[in-house]
Amino acid sequence: MKKVFLVEDDKTISKNLMLLLKSEGFAVSHACAQREAVDMLAKSRFDIALVDISLPDGNGFAVCTEIKQTQNIPVIFLTASGDEASVVTGLNMGADDYITKPFRPRELIARIGAALRKADCLPACFDRNGLSVNTVSGTVKKDGKEVFLSALEYRLLLIFINNPKNIITRDRLLDELWDAAGEFVNNNTLTVYIKRLREKIEDDPSRPQIILTVHGTGYRLGGSYVSE
């Protein structure tokens, strides 16, 4: 049975989430404040954490840091804030995903499942063509210099890192980016994100070596074992 660590100060949300998670076969431990969460992390081991960003005696960012330093398990932020700055901060601190309140229960369960699956197969470090990605700390570097990605740019990059041997269709990318953004992402927007990401991580964006185009299909990670 997978153990979920829930850090949420809203009593109603906590109660409903605990009922939902238990009904899905998870064991759940709950903390309602930063100090309580840190104390519980010292006493128990968990498989995944759901962490609210706003806490009465601190914030979820500090809890995320403690989790990554002590247990290094997946962290999904629960946030009422939809601004990109908060999301990027969380991802850069090592969070694996985020979901904005109010959220759909089935969507949350799906995200938990995805995070747990990725935790079993996601490489901690990725290095290729001068690009270095540490998925634990959420840092991205190009030729030793840190690269700052938006939340969707980072998620887009992780899709390729998570699927090194696969061609990723544009339809799949659209679905995953829409799911992450909580808003509709169309073909033109996807093209813009690919272009921006390449400008930040490629030596020569006009001749990409990391994110390759598979004409008529989508994209793939350069150097992966997929026939042209």
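What share of the 228 residues of the protein count as buried? In this predicted model, the proportion is 46%. The fold comprises 8 helices and 14 strands. Among contacts between residues at least 6 apart in sequence, 59% join residues at least 24 apart. The protein exposes about 11,500 Å², of which carbon and sulfur atoms supply 51%.

Aromatic side chains were examined next. The structure holds 3 aromatic pairs. One of them involves F61 and F77, whose ring centres are 5.6 Å apart and whose planes stand at 85 degrees; because edge-to-face geometry requires an angle over 60 degrees, the pair is assigned to that class. This pair links distant parts of the chain, with F61 in helix α3 (residues 60-70) and F77 in strand β6 (residues 75-79), 16 residues apart. Both partners fall below the 20% limit for burial: F61 counts as buried because its relative accessibility is 16%, and F77 is likewise buried because its relative accessible area is 3%.

Another aromatic pair is formed by F160 and Y219, which is also edge-to-face, at 6.5 Å centre to centre and with 90 degrees between the planes. Here too the pair links distant parts of the chain: F160 belongs to helix α6 (residues 151-162) and Y219 to strand β14 (residues 218-221), the two being 59 residues apart. F160 is buried, at 0% relative accessibility, and Y219 is buried with a relative accessible area of 7%.

A disulfide is a covalent bond between the sulfur atoms of two cysteines. The cysteine C32 is partly exposed, since its relative accessible area of 35% lies between the limits of 20% and 50%. C64, by contrast, has a relative accessible area of 0% and is therefore buried.

Helix α8 (residues 187-201) was considered in terms of its length and its faces. The buried residues in α8 are L190, Y193, I194, L197, R198 and I201. Viewed down the axis of α8, these buried residues fall within an arc of 130 degrees and therefore line one face of the helix. An α-helix has 3.6 residues a turn, so residues three or four places apart point the same way. The face of α8 turned away from the buried side carries the exposed residues N188 and K195.

In the loop between β7 (97-100) and α5 (105-121), where P102 is found, a cis peptide bond joins K101 and P102, with omega at about -10 degrees. In the loop between β8 (125-128) and β9 (131-134) lies N129, a residue other than glycine whose phi is positive, near 50 degrees. N129 counts as partly exposed, because its relative accessibility is 36%. D143 is placed in the loop between β10 (139-142) and β11 (145-146). Phi of D143 is near 55 degrees, again a positive value in a residue other than glycine. With a relative accessible area of 54%, D143 passes the 50% limit and is therefore exposed.

Methods:
Residues are numbered from 1 along each chain as its sequence is written. This is a predicted model: local features need pLDDT of at least 70, side-chain atom pairs count only at pLDDT 80 or more; totals for chains, interfaces and linings use all residues. Side-chain values use heavy atoms; hydrogens and water are left out. Rings of Phe, Tyr and Trp (its six-membered ring) pair if their centres lie within 6.5 Å; planes under 30 degrees apart count as stacked, over 60 as edge-to-face and the rest as tilted. Helices (H or I, at least four residues) and strands (E, at least two) are DSSP runs, numbered from the N terminus. Buried means under 20% relative accessible area, exposed over 50%, partly exposed in between (1.4 Å probe, protein chains only). Contact means heavy atoms within 4.5 Å. Accessible areas come from the Shrake-Rupley method with a 1.4 Å probe; for residues, only the protein chains shown count as cover. The arc is that of the directions from the helix axis to the C-beta atoms.
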